[in-house]
Structures are given as structure tokens and as C-alpha cells.
Amino acid sequence: MDKAWQEFRKCVFCGFCESSCPTLGETGERGYGPRGRVRVVGLLLNGIYSKKTAEYLYTCLLCYACVPPCPTGVDIPGLVEAGRSILVRMSQKSK
Amino acid sequence: MARDKIIERVFEELSSILGRRVSRDPVDLGLHAIDASSYYFIPKDLSERYVLTVPKDAEEVSEIVKIAGKHGVSVIPQGSSTDLSMGSGSISITTANQIYMLERGIILHTGMMSSIEEISETDRVAVVEPGVRIDSLNEALAETDLFFPVDPASARAASVGGAIATGAGGLRGAKYGTMRDWVLGLEFVDGLGRIHRTGCRTVKCRQGYDLTRLMVGSEGTLGVITKAVLKLWPRPAAISRLMAVFNDFTSLYRFFLGVRRGRVPLIAEYMENRVADKVIRTLGLGIPAGHTLILDLEAGSGEEAEKLLKTLEKDAKDAGAFYTATATDRDRSFEEIYRFRRSMYAGMVKMKLKRHIIFEDTAVPISKLPEFVRRVREIEGKYGREIALGGHLGDGNLHPHIECDLEDPEDRSLAFKIAKEIVIEALKLGGTSSSEHGIGSMKLELLLIELRNKGSEHTLDLMINIKKVFDPKWILNPGRVIPTEPGRKI
């Protein structure tokens, strides 16, 4: 969790990653893009989540197209995977 | 917290018009509550107080504003959220050291209005919706001999609507000016939901008061931009690019003045030694750090560009440059040099020691730049806090970077105090507090100081009255640009 939090805090919300994302191009909704997904994980780490959390994180293709444009070197796919792990743990706990 | 009854009604009415393009989902709202200047904040209770809307045309924007007006709910127009003055999110911080959120609001995201409706090579205009990214427009123009010259450092992400609303500038400001010089006409929705169409698609256009220009830089407080007619320009035939590194700012400045004699560089970008060092470390380059100038000059042909570079490089070395790199726009290294400048923001952010950086936006007349730099160094010494300088030497718009922790009231207060002192020095030198980032909420106090400094505090009354005409219900992006609402302190 701490590692994910540190990674999340590297993001400066500049949006440079967005034009490289194939899923954002399809929908135009911020949550389907890398900047949005980083933010979604940040919200999740702060206890803010909804059905949209899984929708946004599991539609990521983990294609790594967003990694080179990121000026601060956020491990965006790694954060998405961390977010997915949190969701899995949450779902196991609720069973 | 109980759901706000007014927001419940607003949501129902908006849903009947926009269907699924209205959301109270806490994640959707969390994605749109912030901008690049407030990125770290995680607001709570958003879904009780906020609604996100994603309209697809001016008619829908009009309906949203009408519903907002009916219920007295604020509308926060939002493009790509890349602004640096806290102007397009629900969270605001003022230089008076207050953090606040509007009681309730409708975030109006223009991301779905992203069509390039027309590009006319003959008329040299583009008609675009507000959500089009500036880089996307230039990509669409790649097949023509035209380009859109305003080049904010965030062009890859910044939307046309946001750039107009902010009055954005950028690297080519000295040569091409800012957004206000390139917007010929606008369609916008005022605070009563009325759709206006102003300006023309001709360069010459007298249409009573110039409301198009008034809208540029109004930061969503006078209307929501729904379409723009932009002027296009022929791309330079060839470009000579020089990077020259000096031991001190004075030598660099003298060289710059020499180059500038009789011509306007396309870009003239400056990075002080500490900034250059951070960029070099970020990019892993093996070049020396120093006071760095990146210059672009227009040439009539590739051959002329080569010739110009030889003269430029020699002149730079004669002026004291200890490292130079050159390229014409035909060379592979051309983009590499530009990347160095483009990475300034990244370098500063990646190498920062505190949580946030305030990017101030001062400009001073070119003749006052050395004195401004000297005074900034004095302030730095006084407070023992690094103030790194970098930005657009060509138009006198250097961005002082102050590291701080915005969530620590003491540190925030110190950072704002430093920022204020820098601005006051810029004003004394005939400069300004906000060149291209806008006022947002962060520079409200600085705007007042600036007007007071000119002996023109009453001009704010004029601005308030203009706001009342465009937005009588005071619902459009309140708390931005104008420091007070009638009868209510923020």
C-alpha cells in the first residue's frame, strides 16, 4: 500500500500520458485513460471507490503505451495492478 | 452526510436531458474535482454536493447552465484540467492561505466536445470544439503548410477551450503572442444559458465591443466556450536551433539581446543552472549544466538555416558560452534539444524535495530581466528557500519555482509570502503577476495587489460589473478571477 501511495504521489496530473492510451481514445472519459486510472488508485487508497473503480482499472490493457510520455516516471501499469490487487483483497474479505 | 436536496433535484433534472452523461459517482467526481495545481488533494463527500456533466453540444451546455441558475448551483467549466492556478477544479487555495470548496456545484467537462469541424487553408482558420487538444489540432494540420502557433508547455494535453479560457501563452509567446491573438470568433453560453456567437472568420472584424477578446482569459467566469474560430499561420520554411550554456545569467542575457537586435526569435527559453542540472539528471544526459538558453530563429531555407547556425554558434562562444549544440529542423537532434526544454517541468517535479511546487507566472519588460533576477536572488537569500528560475526569456515571462507543502499551513503560508514578494518586485519593475496561467483562485490577492500598484483598484469594480452582466446569478466558476462576490467574502 505504501509503495502504491508513493507511486501515486509522483503523478502531477499533467495528462501527457493520455494521448497515447488506446482505451481513452475509444471513450473520451477520463477514467478510461492513464491519468484517470492513477487517480482512481489514489482515490481507492483513500477509501473512495465504486463500481466504476473496477470498470476503469480492468479496462486497462497494460500495454505500457503511457509509460514513455510520463515526465515523472510513474509506473502506471504497476499502479493499475496494485489497484486490482486491492479490489481482489476487498472482494475476498467481503465474502 | 445526508444527500443535499438541491443537488438531488439538479441531478434528476440533468439526467432527464443528459442521460448517462451525468454522474454522481464518487470516483467520477474524484477524477474531475482537481486540476494540475491541486492534484494531490483527495476531496471527500463529493457525491453529496457535486454532479459531473459531460455535454455534447452548446444546446446541452445551455440547458445545464439554466438548471444551475434555477437552483442557484455553481457551474465549474472544465477542459483538460492542466491549469496551474486552481481555476478548474472544485478545490481552491487562495494566496490569502484559505482552502475551500464550493458548497455545491456542477462540473461541466467539455471532453466530449472534441471535433475539429473545419480547417480552411484558404481562409487560414480552424473551427474547433473546446475539447480539442492543441497538439491534436497541429497533428490535423500536419498535411497542410499551416500550424496553430500558440504553444503552451502542456500542449500535448491542454484543450483549446481551456487554453482560451486561461489566455494561455507558451514558448512562442515573443513571436506569436498568446491565445488572445489567435481567436477570431467564439460561441459561448452565458450565465443565463443564452448561446452567443461573436467575432468573425476574417482577420478584420468590427462588431461593436470586442466580446471575443473579453472572453479570452475570462477563466469560465463569464461564459462556457462551446466553439472557437482560430487563426492559423504558415509554418516557418526552416528553423535554426541553438542551445548555449553560460556560466552566468548576465553573459547569457547580453548574447540574447545581441541575437534579438532586428529580429524576433521563434523561441528564446531560459533555464538557470539548478534547473538545467535537474533536467540533465532526469533525462540522464552527459552534458554540462549551466545557465542555458535555447533559441529558435526562422530561416528562409535549409541552407540559410545552416549558415545562420554557424554565425550564432560563434557569437555564443564569443559571448562566453562554454557548451553549445546546434540543429536545423532537418536534423535528428532538433527534437532532442527541444525535449531538453520540454522536460523542465518534469525535471523540477521529479527532483523536488517537497510535496508541491508553486509555479509563479511573473513577467517583466525585457530591459528589467537582470534586475528582476537579482531581486529574486535577494528574496531567496532572505528566506533560505530555493527559488529556481526558468521560462520564456523572449517575452520576459520567467516562472519562479517555489517548492512547498501545500497541505502544511505554515509551509504554504511561507511559500505564498515568498511568491507575493516576488510578484511585488515584478510589479515595481513594470511587470505582471500572471502572464499566461490565469488568476484562478491562487492569484486573487496578487491581482488586487497588481491593480493597487497601478493606482487602479476601482478597475475591479468594472470587472465585477462585467461579471454581473454576463452572469447575473453569479454561478459561473465563482471564486475565480474576481476576489469577492457581492456581499459575500469567500
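Student: Is K382(B) buried or exposed?

Tutor: K382(B) is exposed, with a relative accessible area of 56%, where exposed stands for over 50%, buried for under 20% and partly exposed for what lies in between, with a 1.4 Å probe and protein chains only. Please keep in mind that this is a predicted model, in which local features need pLDDT of at least 70 and side-chain atom pairs count only at pLDDT 80 or more, while totals for chains, interfaces and linings use all residues. Residues are numbered from 1 along each chain as its sequence is written, chains are lettered from A and ligands numbered from 1 in the order in which they are written, and side-chain values use heavy atoms, with hydrogens and water left out.

Student: OK, and which residue does K382(B) form a salt bridge with?

Tutor: Its partner is E421(B), and the closest N and O atoms are 3.0 Å apart; a salt bridge here is a side-chain nitrogen of Lys or Arg within 4 Å of a carboxyl oxygen of Asp or Glu. This pair links distant parts of the chain, since K382(B) belongs to helix α14 (residues 369–383) of chain B and E421(B) to helix α15 (residues 409–428) of chain B, 39 residues apart. Helices (H or I, at least four residues) and strands (E, at least two) are DSSP runs, numbered from the N terminus.

Student: What about R339(B) and E336(B), how far apart are they in helix α12?

Tutor: They are 3 residues apart in helix α12 (residues 333–342) of chain B, which means that about one helical turn separates them. An α-helix has 3.6 residues a turn, so residues three or four places apart point the same way. The side chains of R339(B) and E336(B) meet in a salt bridge of 3.4 Å, N to O, and both residues are partly exposed, R339(B) at 38% relative accessibility and E336(B) at 44%.

Student: Changing topic, how many disulfides does a search of the whole structure find?

Tutor: The search finds 1 over all chains, a disulfide being a pair of cysteine sulfur atoms within 2.5 Å. It joins C200(B) to C205(B), with 1.9 Å from S to S, and the torsion about the S-S bond is about 60°, so the disulfide is right-handed. C200(B) is partly exposed, with a relative accessible area of 22%, and C205(B) is partly exposed too, at 29%.

Student: Now helix α11(B), which of its residues are buried?

Tutor: G302(B), A305(B), L308(B), L309(B), L312(B) and A316(B) are buried. Seen down the axis of α11(B), the buried residues fall within an arc of 110°, so they line one face of the helix, the arc being that of the directions from the helix axis to the C-beta atoms.

Student: So which ones are exposed on the other side of α11(B)?

Tutor: On that side E303(B), K307(B), K310(B), K314(B) and D318(B) are exposed.

Student: Last topic, where is H291(B) found?

Tutor: H291(B) is found in strand β16 (residues 291–299) of chain B, and it is buried, with a relative accessible area of 12%. H291(B) and K368(B) are 77 residues apart in sequence and 18 Å apart in space, C-alpha to C-alpha.
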